[in-house]
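This report goes through a few parts of the structure shown below, one at a time.

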Amino acid sequence: MPTELKLTVKDFKSDQEVRWCPGCGDYAILAAVQGFMPELGLARENIVFVSGIGCSSRFPYYMNTYGMHSIHGRAPAIATGLAASRRDLSVWVVTGDGDALSIGGNHLIHALRRNVNLKILLFNNRIYGLTKGQYSPTSEVGKITKSTPMGSLDAPFNPVSLAIGAEASFVARTIDSDRKHLTEVLRAAAAHPGTALIEIYQNCNIFNDGAFEALKDKQQAEEAVIRLEHGQPIRFGRPLADNKGAKGVARDPATGDLQIVDVTPDNEERILVHDAHAASPATAFALSRLADPATLHHTPIGVLRSVDRPVYDTEMALQLDTAVELQGEGDLTALLAGGDTWTVPPAPGSHPL
């Protein structure tokens, strides 16, 4: 493993001019990531950022690490190959809601189910920004854009729900302008073995300005944002005297579904305690469905799920080590120049066909 280094935020700023629209939420995310990178204690040459296509995908140019501005939607696939072949690297994927969930949807879900050692930052601004304002896979129903002048008919993806449904071992959501919370989530993702997906609500002030205002305005956010903390009751709202005004998440005793309730002395014991490490994804999925897709009220942010699962590249390395023990080092040249067939020896303890 690389020797731990003492680097600063300046070490992770490249010499490239940062070129996003003035006021874009990408600036805040870049600053947060650059500020967090020294915490990894890794040399810059042991960190790689891989992106696809879109506004967010300019990210590797601005990080003074190795990086690749790759193919539309294929960043998870390219990053998978890199992480599997170079386990000494810290591999990060930067993508957007269009890049990851449209043309790249298939690559995203397979990276998640395989649990490759990747950290995926999904910038969600609910619009196509690079191509000038068409609706995206996360745009709300009825969204009027250049490509949907009468309103979008598509039901939007919920990226967090999608990730949990794909058996992702780490799923979180945060907001571009909340630097403290964003850094906390980055820290948790970096420490997680396997694939970590972070959805980051990111404002596009040119083509979808104010899409997340309900979560950013201080007064509205008290009623709209549900901050998740492992081991803590899921409560939000502005509590007044005697708990009046406080809200919480409880399980409906009749249906088992999650519901928003006013916290009272009579129901306080029913308020759900967040368990990000629960083996079953059922409650995490239910939490991901609380947010109203149009108003974003009751939006959970934080780590929804963080569980241990076998890591793909670790398991693959063990298989390769076993193959070398059984048959010795392979000869790629001989394989390529040889015949069309070859024999695979049976695994120890197995019976030949």
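The model is a predicted one. Thr264 sits in the loop between strand E10 (258–262) and H10. Between Thr264 and Val303 there are 26 Å in space, C-alpha to C-alpha, and the two are 39 residues apart in sequence.

Asn158 belongs to another loop, the one between E4 and H6. Asn158 is buried because its relative accessible area is 18%, and buried means under 20%. Its side chain reaches the backbone oxygen of Ser288 at a distance of 2.8 Å. Leaving aside neighbours within four places in sequence, the contacts of Asn158 are Arg173, Ser288 and Arg289.

| Residue | Loop | Relative accessible area |
|---|---|---|
| Asn158 | between E4 and H6 | 18% |

In soluble globular proteins, nonpolar side chains tend to be buried together. The largest nonpolar core here has 35 residues, and Leu108, Leu112, Leu118 and Leu287 touch the most other members. Two or more residues of this core come from each of E1, helix H3 (75–85), E3, helix H4 (97–103), helix H5 (105–114), E4, helix H6 (159–165) and helix H10 (282–288). Not counting residues up to four places away in sequence, Leu118 touches Pro76, Ala79, Thr80, Ala83, Val91, Ala111, Gly194, Thr195 and Ala196. Another core, of 30 residues, lies apart from the largest one and has Ala32, Met37, Leu42 and Val185 among its members.

Helix H1 covers residues 26–36, and its buried residues are Asp26, Ile29, Leu30, Ala32, Val33, Gln34 and Phe36. Among the elements that cover these buried residues are strand E1 (47–51), helix H2 (59–62), strand E3 (90–96), strand E4 (118–124), helix H7 (179–191) and strand E6 (196–201).

The largest pocket holds about 480 Å³. It is lined by 18 residues, of which Ala323, Gln327, Thr343, Val344 and Pro345 are the closest to its centre. By type, the lining has 10 nonpolar, six polar and two charged residues. Which helix supplies the largest share of the lining? That helix is H11, with six residues. Helix H11 (312–327) and helix H12 (332–337) each supply at least two lining residues.

Terms used: Residues numbered from 1 in each chain as written. Predicted model: local features only at pLDDT ≥ 70, side-chain atom pairs only at ≥ 80, totals over all residues. Heavy atoms only, no water. 1 Å grid on protein atoms, 1.4 Å probe; cavity = no way out; pocket = protein on both sides within 12 Å on 5 of 7 lines; lining within 4 Å. Points joined across faces, edges and corners; volume = space filled by probe spheres on them. Helix = DSSP H or I, 4+ residues; strand = E, 2+ residues; numbered from the N terminus. Nonpolar A, V, L, I, M, F, W, Y, C, P; charged D, E, K, R; others polar. Buried < 20%, exposed > 50% of the residue type's maximum accessible area, 1.4 Å probe, protein only. Contact = heavy atoms within 4.5 Å. Core = buried A, V, L, I, M, F, W, Y, C linked by side-chain atoms within 4.5 Å. Polar contact = N/O pair within 3.5 Å; in protein donor to acceptor, adjacent residues only side chain to side chain.
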